[in-house]
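Hello,

Here is the structure for you to look through. Please open it first, then read the notes below it.

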Amino acid sequence: MKKIFIAFLSVLTFTITAQAQKKSGAIQFETVVDPVAIAEASGRQIPEEMKARMPKSVKTNYELLYNATNASYMPVTEVEDSNSGGGRAGGMRFAFGGFGGGNREYFYTFADQKVVEVFDLMDTTYVMPSKLTVASINQFGGGNAARNNNQNNSAVQFLNVPPTVEIIKSDETKKIVNLNCKKVTIKTTRKANVLGMEKDVVDETVLWYTNDLGFKFSPMPNLWTEGAVLAIEIKGGGTTAKSIEYRNVSTRDVTAPKKAVSITQEEYQAKMAAMGNRFRNNRQGATGRIN
């Protein structure tokens, strides 16, 4: 009986230890996108000669580090594309790489579901607060404002009408990195002028999320409904968790940098708009017209 009791305690200790170990670890993500497909899905018309120069695919690797209270998500390699065979994508920088955009880093606090976005702009490092939510924009297309700013190159001009967002849950499941995942679809419908006719333009994004990890996360904070999102599927690309390693993660690795300038979403948008206006004015002054 004593031997049985000791064996039971050993199994119990092993189980508790294993569960504790799963409270921290590293998950490797891979994003693969087709730049042409994404651009065309957002309504842009791309000349054939430009298509020939664009890569067929762009791949970016990201890593999620997490412990019991926090997480960080950031790129771990250079962008690889199908034209150059590695390095930066043919000298082009793609804002949709990794679903976070370029070299941006994200820091998550599980208790209040807060997210901090860290990025460099004009030789300054900024931190911008955010949160996990479902946004009424297509992250790859850039939303209404980004699309309408390119009306000269777009067959789709979105109207200034709030979009309709529908969350569609499914019974479909699958395993990703050996974790049970559920499927949910985010359906966004926008009013747009398509070749002179008003139509509804529908975007669908598929999320695969798990509740097995015990925390809430998404590679794209604006694309989240519940649980920890391990895969995002959109027209022309997607991000998927490829491997997971349960190990100790220090608090320093999942904490946003202290020495950075705080900026709000509104301040960031105003700064980007001002930079865009300066760029257009400089081009107009150099050429006598805006191309």
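Leaving aside residues up to four places away in sequence, arginine 104 touches Tyr62, Tyr73, Met74, Pro75, Glu117, Val118, Phe119, Met128 and Tyr268. Please keep in mind that this is a predicted model. Arginine 104 lies in a loop, the one between β4 (80-81) and β5 (105-109). Two residues on the contact list also make polar contacts with the arginine 104 side chain: the side chain of glutamate 117 at 2.4 Å, and that of tyrosine 268 at 2.6 Å.

Is arginine 104 buried or exposed? Its relative accessibility is 18%. Buried means under 20%, so arginine 104 counts as buried.

With a relative accessible area of 58%, glutamate 198 is exposed, because exposed means over 50%. Not counting residues up to four places away in sequence, glutamate 198 touches Leu159, Lys191, Ala192 and Asn193. Glutamine 157 is 41 residues from glutamate 198 along the chain, and the C-alpha atoms of the two are separated by 9.4 Å.

Regards

Definitions and conventions:
Residues numbered from 1 in each chain as written. Predicted model: local features only at pLDDT ≥ 70, side-chain atom pairs only at ≥ 80, totals over all residues. Heavy atoms only, no water. Helix = DSSP H or I, 4+ residues; strand = E, 2+ residues; numbered from the N terminus. Buried < 20%, exposed > 50% of the residue type's maximum accessible area, 1.4 Å probe, protein only. Polar contact = N/O pair within 3.5 Å; in protein donor to acceptor, adjacent residues only side chain to side chain. Contact = heavy atoms within 4.5 Å.
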